[in-house]
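Trainee: I would like to go through the labels used for this model and ask what stands behind each one.

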Amino acid sequence: MARIVMKFGGTSMAGIERIRNVAQRVKREVDAGNEVAVVVSAMAGETDRLVGFCREAAALHDPAEYDVVVASGEQVTSGLLAITLQAIGVPARSWLGWQLPIRTSDAHSTARIGDIDTSAVLADMAKGRVAVVPGFQGVTDDGRVTTLGRGGSDTSAVAVAAALKADRCDIYTDVDGVYTTDPRIVPKAKKLQSVTFEEMLELASVGAKVLQTRSVELAMKEKVKVQVLSSFTDAPGTFVVDEEEGVEQELITGIAYNRNEAQVTVTGVPDTPGVVSRIFEPLSAANINVDMIVQNVARESGRTDVTFTVPRTELARAMDELTKSKDAIGYGALEAVDNVCKVSVVGVGMKSHAGVALTMFKALGDRGINIKAITTSEIKISVLIAEEYTELAVRVLHTAYGLDDTSEPAGAAA
């Protein structure tokens, strides 16, 4: 007998027929003699609908009340799944975030999980009942409902699995695993049997949308065995494992891209100690994340340029903050470009192989794709390019690193 946490996303829960499909999958695990807890998302599109209501009610709404509203989507699906399981003879009950409880920080809409009290739910599961837990939500020490941010149900599932000491956490989505890249762009993308936590964390952080970044961080920290599966087929999935559990790693595991990028250049910056920190201080105070950073060689006049990227959705705020800080920074002008994309190659094999960057730069250069900025880590190289070349770059790099599947086209989208 194993203890399993099964997580189902919004597309899996989009309507009663799909909830019935989920219930059958849960029943199959119960019939196999396993103890099961299920974490569910709201129905597809429901959270967006609830967010829209909050914005319509008041542009500057109370974040605590916002959480009360948007957390209701998962409450609905957890109750409906429990009812559906009972209807097919599987004992089940729902456990809301405040009932477990799942204790979080008080940062409404972006709360972080502190601890989970599993004593009551474990006692109930020992009696053969399935625990159905709404993802995305928790409760503060003073009893207020919180939410974990978009995609937070993945984090909820991993946290519940860690707290229950589950044998594994199965994440069911509308794809049947993790691919070497987006099969909608590269039909010859290959599904991976396994991927390391480190690689998955990098892939998630640079644009792959299969798992939320925080859920991968938590799984790596708590050593939760995670499997990505399809809600709609019985195809084998992809395991996310520790590096030492994997077989000999390929040089490159995957290619990811992120179109939510904008490039900002601060020109005519005084080339003196401390000035760069004055550029990023107002952005940090406004909680605007900065990614790729390039500082040009100082000009003869003692001035230099600093280029960096921010999320495209934050470009207007970033420009506003820098404009307000012009006198403190002492720059000449601001330039912004929002039609750019970050393309990344990821693989633990980079640690022990040379020439990875050369392959990337040559492949892009041969197709006339200009690189605007570069960042690297031990297992990742990211470049900023014009958005119009995104799909070409992904296809070229996928082929250059020998990732194309020559057997048959991939059948699902990443």
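Trainee: Which elements do the buried residues of α8 pack against?

Mentor: They pack against α6, α7 and β11. Keep in mind that this is a predicted model. The residues of α8 that are buried are R214, S215, V216 and A219.

Trainee: Why are α7 and α8 called roughly antiparallel?

Mentor: Their axes cross at roughly 165 degrees and come within 9 Å. Angles over 145 degrees count as roughly antiparallel, and α7 and α8 are therefore given that label. The crossing is left-handed.

Trainee: Which residues make that contact?

Mentor: From α7 they are F197, E198, M200, L201, A204 and S205, and from α8 they are T213, V216, E217, A219 and M220. By class, the contact of α7 with α8 has seven nonpolar, two polar and two charged residues.

Trainee: How do you know whether K223 is buried or exposed?

Mentor: Its relative accessibility is 58%. The cut-off for exposed is over 50%, so K223 counts as exposed.

Trainee: Why is A82 called buried?

Mentor: The relative accessible area of A82 is 5%. Buried means under 20%, so A82 qualifies. A82 belongs to helix α4, residues 72-87.

Trainee: What does A82 touch, leaving aside its neighbours within four places in sequence?

Mentor: A82 is in contact with A92, R93, S94 and V132. A separate value concerns A82 and V130: their C-alpha atoms are 8.2 Å apart in space, and the two are 48 residues apart in sequence.

Trainee: What makes the peptide bond between L100 and P101 a cis one?

Mentor: The omega value there is about -5 degrees, and the bond is listed as cis. Most peptide bonds are trans. P101 sits in the loop between β3 (92-94) and β4 (102-104).

Trainee: Why is α9 called oblique to α10?

Mentor: Helix α9 (residues 275-285) and helix α10 (residues 315-324) pack at an angle of about 130 degrees, with axes 9 Å apart. Roughly perpendicular ends at 115 degrees and roughly antiparallel needs over 145. The angle of α9 with α10 falls into the remaining class, so α9 is oblique to α10. Their crossing is right-handed.

Trainee: Which residues of α9 and α10 meet?

Mentor: I279, P282 and L283 in α9 meet A318, E321 and L322 in α10. Five of the contact residues are nonpolar, none is polar and one is charged.

Trainee: Why do α12 and α13 also count as oblique to each other?

Mentor: The axes of α12 (residues 356-366) and α13 (residues 390-400) cross at roughly 130 degrees and come within 10 Å. The oblique label therefore applies to α12 and α13. α12 passes α13 in a right-handed crossing. In the contact, T359, M360, A363 and L364 of α12 meet A393, V396, L397 and A400 of α13. Those residues divide into seven nonpolar, one polar and no charged.

Trainee: Which residues touch the most other members of the largest nonpolar core?

Mentor: V5, C169, M200, L211 and V226 do, out of 40 residues in that core. Elements that give two or more residues to this core include β2 (35-40), α5 (119-126) and β6 (130-134). α6 gives the most, with six residues.

Trainee: What does L211 touch, not counting residues up to four places away in sequence?

Mentor: L211 touches D154, I171, M200, A204, V216, V226, V228 and V240. There is also a second, separate core of 23 residues, among them I185, Y257, M350 and L364.

Conventions: Residues numbered from 1 in each chain as written. Predicted model: local features only at pLDDT ≥ 70, side-chain atom pairs only at ≥ 80, totals over all residues. Heavy atoms only, no water. Axes fitted to C-alpha atoms, helices over the stretch in contact; angles between N-to-C directions. Helix = DSSP H or I, 4+ residues; strand = E, 2+ residues; numbered from the N terminus. Parallel < 35°, antiparallel > 145°, perpendicular 65-115°, else oblique. Left-handed = near helix turned anticlockwise from the far one by under 90°. Contact = heavy atoms within 4.5 Å. Nonpolar A, V, L, I, M, F, W, Y, C, P; charged D, E, K, R; others polar. Core = buried A, V, L, I, M, F, W, Y, C linked by side-chain atoms within 4.5 Å. Buried < 20%, exposed > 50% of the residue type's maximum accessible area, 1.4 Å probe, protein only.
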